[in-house]
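Please look at the structure below.

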Amino acid sequence: MTFRTKLFWIFTLAMLFAVGLIAAGVTIVTRQAFDELNRQHSDALIAQFQKEFARRQEDVVHRVRGIAEEESTTRMAVALNLPKGDASVYVNDASGVSRSHQLDLLDFVSNDGSIISSAEWPARFGYKLDWITRPEDWATVGPFLMKMDTAEGPALGLMSVAKVPVADKSIYVVGGERLGKEFLASLVLPAGMRALLYLNLDPSFQSANLIQTSDEAVDAERFAPLVEKERRQPGEQTAKIDWTADAASAEVFHALPLQGRQRDLLGVLLVGSSQRDAVTLERRILWLALGVVALGLLIGLLMSWWAAARVTRPVRKLAEGAHKVAEGNWSARVDVRSGGEIGQLARAFNQMTDQLVDQRERLVQAERVAAWREVARRLAHELKNPLFPLQTTVENLQRAKERHPDEFEEVFRESTGILLAEIENLKKIVGRFSDFAKMPRPELLPVSLNEVVRAVVKLFEAQFGAVGRPPITPELHLEEDLPVIQADSTLLTRAVENLVLNAMDAMPAGGVIMFRTTSEEEGAEVHLEISDTGTGLTPEECERLFTPYYTTKLHGTGLGLAIVQSVVSDHGGRISVESETGVGTSFHVHLPLKPPPHPRPVNFPATLEENEAADVTPAAEEEKKEA
Amino acid sequence: MKRTLLPRLAIISLASAFVLSAIPARTARRPRYGGTLRVEIGPAMSSLDPAVGAANPEDAAAKEQLDALVYDHRNADGAWAGDVGSGAFRVTAWEAGKRASLAANDDYHGGRPFVDSIEIGLGRSARERLLDLELNKTDFAEIAPEQARIAADRGVRISRSQPDELLALVFPIAGDGKDDVRVREAIARAVDRAAIVNFILQKEGEPAGGLLPQWSSGTAFLFSTAADARGAKEIWSQIAGSPRLVLGYDSADSLEKSVAERVVVNAREAGISLALKNTAMGAPTDMRLMRLRMASREPRLALAGFLERLAPMTGIDEASLSNAASPQEIYDRERAIVESYRVIPLVWLPQVYGLSARVRDWKVPAAGENWPLADIWLEEAP
């Protein structure tokens, strides 16, 4: 992840966090405001309901008193006061009177509490309402809630009692309005509100006791906790019911206890307030906020991108400069005009590259001197051995001429033979140096690496089993389907020969030399492994093995493996060595099927490359001289 | 002796004077031919053909009365037979379910009826009949017993038969645990028959303890009609599981509805769980409220008529009594049925008729008899 990307994400996340925090704050504050508004709304509605309820109570009282004051009721009371007063005559009166006075519940009750006529349960005549005969001044008792028995079962009634006093035997008019579906439907409630009534007729919550105005199916069990709470502790309670997963379906219900004369809980009025409007409005605000957030986020993203780009541009330039330096372009410079730390960093970078160039030049000079010294040392070492016999031979000739002229001819012949041999030796030494300096460019043709290996093995067969030296056994593990590669077979053969010679030198006591060819899994390369069971190399020797003129042998030139590496590199391949002292050494050569157009530069020390480029290497010098 | 003779002579003289004074009035009201008798009935029957079945017992009863006017004899099965119009009247107009017009059959072997014709309004409700009687728009109509008191208060001329229709709770054979005699006995004890007569029937009728009325069998007083809520409660408490019972009734019959509701109230007071269901819905019920009309004033025949109707439902012994059955045998049979509690008699209902003032020589038909419309005559309008 780039610095710019990191910076972009940091800016973005910071902005997201800030925007989220603000959005959450706005949402919470909005919700609280709506909750408060809802509460006030519900309170107002409950107050309205209570007012309506009080009005209905007064209305019931008024109507019951009206019935009691009617002439027909008085006549009934008078008739029942007579010695042979017959109550059966009036058994059906209550129904008609209740209809005319729009009362759901109406009973005419005799002085002893027996029902004369009942509108809500006509068949109940003759039975007694004991509570009505208790000493009580019904004129001062206001309306009250009461559980009434009807033909359909128990019902909750908003009741009033009026006494019709006639002589000794009064009669009572017990009338009221049933708190049921019609009562709920008659309540004037604003849109979004509804009222339900739970009749507390059973010891535990019963769904069938829940009354609502509409025929819409409702999951009555959802009210059970609120009703049970009300039963345990009568008072105003509130609960929110989520009908579905949609928050807009929620309703807040206020439970109002409906208590009888003995403070017994007869019913619970549930005034529900729909949350749909509030939730819809809240959602609108939320969506608006989300829109603003999204827009802000988009702008923020663009600004973050721009800011990140602006901040990271100098850093990117610095990175590019560093990359160029890493690639070898030490003269790379960074053009940063900004001030501050980035500017200082850029200036320091430029200063650093200047110093690097300066130091590299000095290093090159030092390495060049060192290389020349090394070449001189090797040359001196190589040339010193042949020169010494030359010197002694010439001195022998001189001495023979002076001291033994008669033997001079013989000495001369011997000496010239020695001189010629040593000169030939010198030419060989010089030739090897010249060969290394004149490594030709490979001429690429389709070549089978297996064939190259087999040819080399065949070439060395005689030497492997030469008389007077311990035998060396070649082992070939060549992959049959090895692909053909584009290579210069001559150079490749020379490289393999050098590796074989190297292996043979490493096994003075004989051993096994193993050749293995394989193709890489990707199919883009072939692999040649040449292993010996020789003395092995130390890690330090392994590190310097491919350095030209480095050798561990007494008479080696130190150019064999350098040539191998040069050939492999010219083919776009690579060579590596694994060795363990006392066990053996393995060389691994990886060659591409087709070398790249511009093979990698030979990984010679810079000093030698430059020497070659400058054509000032000892071999070149010699070639020049020869020319 | 003289002291007591004088008052006796005085009484005899007064009675003779009253009888002598009545003779001219009676001779002044001799039967008169002519006029159209206006009749209203509740059922809206579709046909007078005896072969066509009636929709319900009320329709069947009304059809029986009209068929008796237009057919002259019954066949061996007891159904009316012969040609339409072979009876005292001929059908001159027929609108199914609405009205019928009958004309006097001059050739009727029993003699021509006094009235020239009868206009019959079909499908008239009890309220309409009562109002029409009050307004003198009809001469003859049946009145529900519970409305007789109101009708009389409103000045309607009322005629009552002996109580000959039994309203009873009938328990069909049930295969479940509810078919327990204790269940039936508890309900029988719970019902307050007197309250039904006094309040619902407005004192028209009698509480029924047996299957035959006192005026017919003379043994009805031996059956208890008193309510025993405490006894019912005690019996009910011994029944395991407290079954929930369903009482079926005909909701179109206001009297049945009122009585059924009262039975539920009584049962509830005794702790018995009882619910109502309209039998018109066809749903099975544990018991049914039924009207059973006496087929005859003779106790044996009346009991046989009840058995014929109830035995298939209740499984009680249908074997009829012999013609020579003694009153004791009839009573024993009646007692056995009552004590099985398959049939719980509730009340005896009379047939109540409303008559206009111009109807003369009306004789209340006894149980099993038809309306004697051919024998009445109409007083000429003043």
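In which sense do strand S11 (residues 245-249) of chain B and strand S13 (residues 287-293) of chain B pair, and over how many bridges? In this predicted model, S11 and S13 of chain B pair in the parallel sense over 2 bridges. B:Leu247 stands opposite B:Met287 in S13(B).

S11(B) and S13(B) belong to an open sheet of 6 strands with mixed pairing, and the order of the strands in chain B is S10-S14-S9-S13-S11-S12. Strand S10 (206-207) and strand S12 (274-278) of chain B each have a single partner strand, so they stand at the edges and one side of each has no neighbour in the sheet. Helix H6 (residues 193-200) of chain B lies across S10 and strand S14 (343-349) of chain B, and this helix runs at about 30 degrees to S14(B).

In chain A, strand S15 (residues 525-532) pairs with strand S14 (residues 511-519) and with strand S17 (residues 584-592). The table gives the pairings.

| Strands | Sense | Bridges |
|---|---|---|
| S14(A) and S15(A) | antiparallel | 7 bridges |
| S15(A) and S17(A) | antiparallel | 8 bridges |

A:Thr517 has A:Leu528 in S15(A) as its bridge partner, and A:Ser531 has A:Ser586 in S17(A).

Chain A also has a helix contact. The axes of helix H1 (residues 3-69) and helix H6 (residues 276-327) of chain A come within 8 Å and cross at roughly 160 degrees. H1(A) and H6(A) are therefore roughly antiparallel to each other, and their crossing is right-handed. The residues of this contact comprise 23 nonpolar, 8 polar and 3 charged.

Note on methods: Residues numbered from 1 in each chain as written. Chains lettered and ligands numbered in written order. Predicted model: local features only at pLDDT ≥ 70, side-chain atom pairs only at ≥ 80, totals over all residues. Axes fitted to C-alpha atoms, helices over the stretch in contact; angles between N-to-C directions. Helix = DSSP H or I, 4+ residues; strand = E, 2+ residues; numbered from the N terminus. Parallel < 35°, antiparallel > 145°, perpendicular 65-115°, else oblique. Left-handed = near helix turned anticlockwise from the far one by under 90°. Nonpolar A, V, L, I, M, F, W, Y, C, P; charged D, E, K, R; others polar. Pairing = 2+ DSSP bridges. Contact = placed C-beta atoms within 7 Å.
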